[in-house]
Amino acid sequence: MGVANSSRGVFALILWLLFALCRTSTSIVHADELSLAVVSQSTTLEISPGIVVENSPGSKPGTKVTCERVQIHGLSRLKNLKKYAHSVKVNVSYINPSGRQPNAEVCFHRNQSLEIGMCPPGQWMKLTKGSWVRSMSPFDDKFLDIRMTSSSKQTLQVSLHEDFFWYRVIFLVLGVLLITLASFLSKSLVFYYGGAMAVGVFLVVLMVLFQVTSYPCILKEVSIVLYKYPFF
């Protein structure tokens, strides 16, 4: 028994060390990478891409582009449970939007092993009207790669803005309420028939709306009938 307990303890210690090593390895930040952390309502970082990359995917062969990578660190789920109803908006924009703007592209990914500026061609997104906005979870860790033509000397601003959504709290309360009343609702015929009728009416309304929007002539005829016979 003593040998078995000691072997179990050694095995548990090895698993704990492997887990700690994995956590440490995933949090490594290279010296040439910038980082942002979700620690407040709004965080801003100004960057000027300066890492020259040749043959970046999606660009012409032999073309050199200047790139930069920003690592976004999320929050710990266990220590920040109150943030479950929040969402973080990542915004990339030009510092001086006036004048001719260079062609800047953004790649938003989780692949730490990917070299800077080497995202697949389908993952690069251009800045629309001088800005680019995406949402992410406050508990997520992501990488933001930015590339521009090598002749461009433009400063960009990367900002994180935290938003609160009430509907997530409402859905949580409704979910807890349904789980609490699950035993009672599973035995209620009123709930079964009422739920079936509600779903049926909802589907019929969706079908009618689809038909009306697909065929504008039907909508025109219905409006004429309602105009002639308002009490119909």
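I began with Ser-42, which stands opposite His-161 in E10. The model I am reading is predicted.

From that pair I went to the strands themselves. I found E2 joined to strand E10, residues 156-164, by 6 bridges. The two strands run antiparallel.

Next I looked up the sheet as a whole. What is the order of its strands? I read the order as E2-E10-E5-E8, 4 strands in an open sheet with antiparallel pairing. I noted strand E2 (42-47) and strand E8 (131-136) as the edge strands, since each pairs on one side only.

I then turned to strand E5, which covers residues 86-94 and holds His-86. Is His-86 buried or exposed? I put His-86 down as buried, because its relative accessibility is 12% and the cut-off for buried is under 20%. I listed the contacts of His-86 beyond its neighbours within four places in sequence: Pro-138, Glu-162, Asp-163, Phe-164 and Arg-168.

My last entry is on helix H4, residues 189-214. I checked its length against its residue count: at 1.5 Å a residue, the 26 residues should span 38 Å. The end C-alpha atoms of H4 are 37 Å apart, so the two values agree. At the N-terminal end of H4 I found Ser-188 as the cap. A side-chain oxygen of Ser-188 lies 3.5 Å from the backbone nitrogen of Val-190.

Notes: Residues numbered from 1 in each chain as written. Predicted model: local features only at pLDDT ≥ 70, side-chain atom pairs only at ≥ 80, totals over all residues. Heavy atoms only, no water. Buried < 20%, exposed > 50% of the residue type's maximum accessible area, 1.4 Å probe, protein only. Contact = heavy atoms within 4.5 Å. Pairing = 2+ DSSP bridges. Expected span 1.5 Å × (residues − 1). Polar contact = N/O pair within 3.5 Å; in protein donor to acceptor, adjacent residues only side chain to side chain.
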